[in-house]
Structure formats: C-alpha cells, structure tokens
Amino acid sequence: MQKSKILKTLVWGDQVSLAVLDTTALVNEAISRHALSPVAAAALGRTLTATAYLCSWLKGADSSLSVSINGGGAGGKICVSGDGNLNLRGFIENAGVQLPPRKDGKLDVGACVGNSGTITVVRDDKNGLPFTGTSELVSGEIAEDFSAYFLTSEQRPTAVALGVKIGTNGKCIDAGGLFLQPLPYADEEILLRTENEIKKYAALSSMIAEKGAEGIIESFEHTALSEREVSYRCFCSRKKTENLLLSLGEGDAKSLLLEQGKISVHCDYCNTDYVFDERAVTALFSPKESK
C-alpha cells in the first residue's frame with residue numbers, strides 16, 4: 001500500500017536544507033473523504049503538502065500547526081491542520097467547484113483559490129504563546145504563496161515547488177513538493193543557486209511519477225537522509241462530540257433537539273457527521289449507574 005512521505009537532507013556544502021515529499025496517498029485520502037473536484041483536489045492537495053513540510057519542523061509530537069488560505073476564489077477558504085507526528089487533515093469550502101482549464105490546459109488552481117487575501121499560519125510548540133504569521137497571497141497557485149510567506153513572515157527565503165496531477169477518473173496520479181531552504185549562514189551565491197534550481201521543477205508531479213522522491217533526492221549531492229511517513233488523520237470522535245454536547249448543558253441540548261428533531265455535529269476536516277436522536281441525548285444526560 002502506497003504511503004505518503006517526506007525525505008530530508010542537506011545539500012550544497014550543507015548550506016541548504018532539501019525536502020522532497022510524495023503526498024499522492026495523502027491527496028487521494030482527501031479526495032475520498034471530501035468528494036473533491038479535480039481543481040479542488042489540486043488546491044487542497046498542494047496546501048496539504050506544504051503544511052506537511054511545515055509540520056516536519058515542529059519541535060514535538062504534541063506540537064500543532066494550522067494553515068488557512070482565504071483568497072476569495074471560487075473554491076472558498078482552505079484550512080489544513082497537522083501535528084508533530086505528521087498527521088494531516090484539511091478541507092476546502094467548495095469541494096465540488098468546477099472551473100474551465102487554463103489556456104495551457106492545466107487546472108486553474110489560481111482561480112479556485114483566488115489571490116485577493118491572505119495565507120495565515122498558526123504554530124503552537126506548547127512552550128508559550130502560539131506563533132501567528134500572515135502574508136498576502138501572490139497568485140493563488142499555492143507554491144508562490146508559501147514562498148512569499150516564508151520570506152515575509154518567517155524571514156527564511158525558501159524555494160517551493162508543488163504539484164498535484166489528477167487523472168480522468170478523479171483520482172490523484174502523483175502529488176508532492178520540493179523545498180529548498182538556505183540555512184542562515186548560506187552565502188549570496190547559494191541563494192541565487194536556490195532560486196535558479198527551483199525552476200527545474202515546474203512539472204514536479206511528473207518527476208515524482210518518473211523518479212520517485214528518492215530519485216529526485218539522488219540527483220543532488222547530499223549528506224545523511226531522513227524519512228518520515230505523512231498520514232491523513234482526523235482526531236474527531238463520537239466520544240469527543242458527546243463531551244461537546246455535555247458542555248452545552250442538558251437544557252440547551254434538549255432545546256436544540258426539540259427545535260431540530262435531532263442534533264447533528266459535522267467535522268469539516270474529515271467530512272463526518274455525528275447524529276444524536278432523542279434517545280441518544282436522553283441517555284447522554286441520564287445518571288450513570290455506578291459499578
């Protein structure tokens with residue numbers, strides 16, 4: 001069974017961090033959960049990939065990170081969350097959005113996302129107040145927008161390439177990302193080399209299909225290589241939803257039940273509905289027998 005992964009190493013005299021991700025399985029899980037149209041899958045898939053890279057820098061398993069992109073496009077807002085164990089989940093508001101292709105025949109991700117808005121990243125390493133960074137969208141194509149975010153909000157120039165290829169059956173054929181991030185001591189020549197190198201990866205999804213993430217890494221002279229698995233995982237559950245209803249209080253919960261006939265709680269991240277009828281609500285607030 002194919003798994004998504006991130007490979008990391010140092011290149012060019014250990015002056016640049018290189019990360020290559022194969023996120024095909026991750027994107028296909030998102031497509032399956034949300035019934036994404038091809039252009040929505042490309043937009044959300046690129047965001048999931050970039051967020052996985054950001055999460056790979058989190059300091060601990062209990063650290064968390066969220067990304068929201070609101071560009072005013074036809075697809076609506078994109079939200080993705082992840083943690084230090086590289087568990088990712090996300091959604092796009094208009095999952096079924098349909099748009100004509102661009103003149104070059106490619107999916108019009110820019111029109112789906114829009115470019116009149118911002119990308120916001122909230123990172124919580126559990127050691128104080130969470131860090132929040134925001135930058136203006138550049139194109140809505142996601143890769144350029146994350147590159148701008150790294151430069152303006154984190155002062156870390158980073159070259160970003162992202163690719164998601166959707167087949168005629170609506171499934172993701174190949175998806176991934178490549179990130180070149182010069183380290184603080186990198187010289188000007190390395191910075192320029194990074195900018196030029198990223199231009200070679202305009203067709204990244206096809207390169208992943210041809211070479212695999214490992215093959216792309218091997219085209220660089222690199223040091224020790226690390227590999228981690230990336231998964232689509234949501235932490236919602238019926239038990240957590242029950243606790244949410246309990247926090248409302250019996251009076252408010254039963255008023256809501258009377259008004260709607262049932263209580264339905266929807267998780268946007270995994271597209272799951274938790275439904276409570278009168279019997280379930282009554283049982284929830286009934287005194288539990290002690291054993």
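**Close-up views of a predicted model**

**Figure 1. The whole chain at a glance.** The protein chain has nine helices and twelve strands; helices (H or I, at least four residues) and strands (E, at least two) are DSSP runs, numbered from the N terminus. This is a predicted model, where local features need pLDDT of at least 70, side-chain atom pairs count only at pLDDT 80 or more, and totals for chains, interfaces and linings use all residues. Residues are numbered from 1 along each chain as its sequence is written, and side-chain values use heavy atoms, with hydrogens and water left out. The C-alpha trace spans about 70 × 45 × 40 Å along its principal axes. A compact globule of 291 residues would have a radius of gyration near 19 Å, and the 21 Å of the protein chain agrees with that (the radius is taken over C-alpha atoms, and the globule rule is 2.2 Å times the number of residues to the power 0.38). Of the 291 residues, 50% count as buried, where buried means under 20% relative accessible area, exposed over 50% and partly exposed in between, with a 1.4 Å probe and protein chains only. Take the contacts with a separation of 6 or more: residues 24 or more positions apart account for 63% of them, a contact being heavy atoms within 4.5 Å.

**Figure 2. A look into the largest pocket.** The largest pocket has a volume of about 900 Å³. Its lining counts 36 residues, and the closest to the centre are Arg46, Leu162, Gly163, Tyr201 and Ala202. Two or more lining residues come from each of α2 (38-55), α4 (143-153), β8 (159-166), α5 (188-197) and α6 (204-218). β8 gives the most, with eight residues. Sorted by class, the lining has 19 nonpolar, nine polar and eight charged residues; here Ala, Val, Leu, Ile, Met, Phe, Trp, Tyr, Cys and Pro count as nonpolar, Asp, Glu, Lys and Arg as charged, and the others, Gly among them, as polar. On a 1 Å grid over the protein atoms alone, a pocket is an open set of points with protein on both sides within 12 Å along at least five of seven lines, and lining residues have an atom within 4 Å of a point. Grid points are joined across faces, edges and corners, and a volume is the space filled by probe spheres set on the points.

**Figure 3. Strand β10 and its partners β1 and β5.** Five bridges join β1 to β10 (residues 226-232), and these two strands run antiparallel. Lys5 has Glu229 as its bridge partner in β10. On β5 (residues 87-92) there are two bridges to β10, this time parallel, and Leu88 is bridged to Tyr232. Strands pair if DSSP finds at least two bridges between them.

**Figure 4. Ile6, tucked into β1.** Ile6 is found in strand β1 and is buried, with a relative accessible area of 3%. Leaving aside neighbours within four places in sequence, Ile6 is in contact with residues including Ala19, Val20, Leu21, Tyr53, Leu86 and Val230. Ser56 is also on that contact list; Ile6 and Ser56 are 50 residues apart in sequence and 8.3 Å apart in space, C-alpha to C-alpha.

Figure 5. Strands β11 (residues 263-267) and β12 (residues 272-276) run antiparallel, joined by five bridges. They form a hairpin with four residues between them, and Asn271 in the turn has a positive phi of about 60°. Ile263 has Phe276 as its bridge partner in β12. Leu245 lies in helix α7 (residues 238-248) and is buried, at a relative accessible area of 3%.

Figure 6. Thr24 lies in helix α1 (residues 24-34) and is buried, with a relative accessible area of 1%. Setting aside neighbours within four places in sequence, Thr24 is in contact with Gln2, Ser4, Cys172, Ile173, Asp174 and Ala175.

**Figure 7. Two loop residues with positive phi.** Asp14 sits in the loop between β1 (4-11) and β2 (16-22), and its phi is near 60°, a positive value in a residue other than glycine. At 31% relative accessibility, Asp14 counts as partly exposed. Ala35, in the loop between α1 and α2, has a positive phi near 50° and counts as exposed at 60% relative accessibility.

Key: On a 1 Å grid over the protein atoms alone, a cavity is a set of points where a 1.4 Å probe fits but cannot get out, and a pocket is an open set with protein on both sides within 12 Å along at least five of seven lines; lining residues have an atom within 4 Å of a point.
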